[in-house]
Amino acid sequence: MFVKFAVSILVCFLPLILGFFLFMGKAKIKPLHLLLAILLGLIAIFPGSIIQYFIPERWFLGKYPILLSLLKSLLVYGLLEEIFKAVFIAPLPKKDYSLLKFLCLSFMFGLSFCCFESVVYFLDNLQLAINRDAQFLYSLIFSRLFTSDIIHTVCAGLCGLFIYSCFCKETRAKVSCLIYAIVLHGLYDFFIGFRNGLKWFFIPVLFLAILECRIKYTGLKSEIDGE
């Protein structure tokens, strides 16, 4: 049992570990700054989670369940989480860091956020996993590696682009980056909550998030470089 528990925790943190060495080696980001991003990513989970806990479920129950579900996804998951991501990304060091390096630092923040969140899901479902001989647990963890981890990381990147633009003298604040992070995250949670064929629409949302992050990065870099 202990071995299964340890392996599951390790798998949850695998993207974070790989990201740490990748950004430290390839992007030449200081290990201390990466550790700061990890710490802030962990802290950022709590404010939104606490607020979500106290939001009455009845607010999103009514005659139009689909619309109310979309509203809940956009406000509770999209708006709350991405606003707090932007708030906690803001303290990350920007001096002497290029846009690309700060984007990587924001990705590290996002990896921290989603990996610690995966641990929370793991602990919540631990008893259920034990009853199912851990098969449910492993499928949950691996599915999050290629779904939730991606959307959190990319949306954190969009939040990072917004924060960098706020502190950059060469360009105006790119509020659209934050808006896209909120909307795309909300749409992801909306579609992933279905139990029918509509669930698979989360895949185009993931690709759109990745594409939008690249487009926003390219546009902001061009403005900074004066092109």
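**Exercise 1.** How do the axes of helix α7 and helix α9 cross, and within what distance do they come? Work out what kind of packing this is, then list who touches whom.

*Solution.* Keep in mind that this is a predicted model.

- Step 1: find the two helices. α7 covers residues 148-167 and α9 covers residues 202-225. Their axes come within 9 Å and cross at roughly 20 degrees.
- Step 2: classify the angle. Angles under 35 degrees count as roughly parallel, so α7 and α9 are roughly parallel to each other.
- Step 3: get the hand. The α7 and α9 crossing is left-handed.
- Step 4: go through the contact. From α7 come Ile-150, Ile-151, Val-154, Gly-157, Leu-158, Leu-161, Tyr-164 and Ser-165.
- Step 5: The contact of α7 with α9 has 13 nonpolar, two polar and two charged residues.

**Exercise 2.** Take α3 (65-89) and describe how it packs on α2 (31-54) and on α8 (175-192).

*Solution.* 

- Step 1: start with α2. The α2 and α3 axes lie 9 Å apart, at an angle of about 145 degrees, and the crossing is right-handed.
- Step 2: pick out the partners. Leu-40, Ile-43, Ala-44, Pro-47, Gly-48, Ile-51 and Gln-52 of α2 meet Val-76, Tyr-77, Leu-80, Glu-81, Phe-84 and Phe-88 of α3. By type, that contact splits into 10 nonpolar, two polar and one charged.
- Step 3: move on to α8. Here the axes of α3 and α8 are 7 Å apart and the angle is about 135 degrees, which makes α3 oblique to α8.
- Step 4: finish the α3 and α8 pair. Their crossing is right-handed, and the contact residues come to 13 nonpolar, five polar and four charged.

**Exercise 3.** Which helix gives the most to the lining of the largest pocket? Build up a picture of that pocket around the answer.

*Solution.* 

- Step 1: size it up. The largest pocket has a volume of about 1,200 Å³.
- Step 2: look at the middle. The lining has 41 residues, and those closest to the pocket centre are Tyr-77, Tyr-121, Arg-144, Asp-189 and Ile-192.
- Step 3: see which helices take part. α2, α3, α4 (99-124), α6 (135-145), α7 and α8 each supply at least two lining residues.
- Step 4: name the top contributor. That's α3, with eight residues.
- Step 5: The lining divides into 20 nonpolar, 12 polar and nine charged residues.

Note on methods. Residues numbered from 1 in each chain as written. Predicted model: local features only at pLDDT ≥ 70, side-chain atom pairs only at ≥ 80, totals over all residues. Heavy atoms only, no water. Axes fitted to C-alpha atoms, helices over the stretch in contact; angles between N-to-C directions. Helix = DSSP H or I, 4+ residues; strand = E, 2+ residues; numbered from the N terminus. Parallel < 35°, antiparallel > 145°, perpendicular 65-115°, else oblique. Left-handed = near helix turned anticlockwise from the far one by under 90°. Contact = heavy atoms within 4.5 Å. Nonpolar A, V, L, I, M, F, W, Y, C, P; charged D, E, K, R; others polar. 1 Å grid on protein atoms, 1.4 Å probe; cavity = no way out; pocket = protein on both sides within 12 Å on 5 of 7 lines; lining within 4 Å. Points joined across faces, edges and corners; volume = space filled by probe spheres on them.
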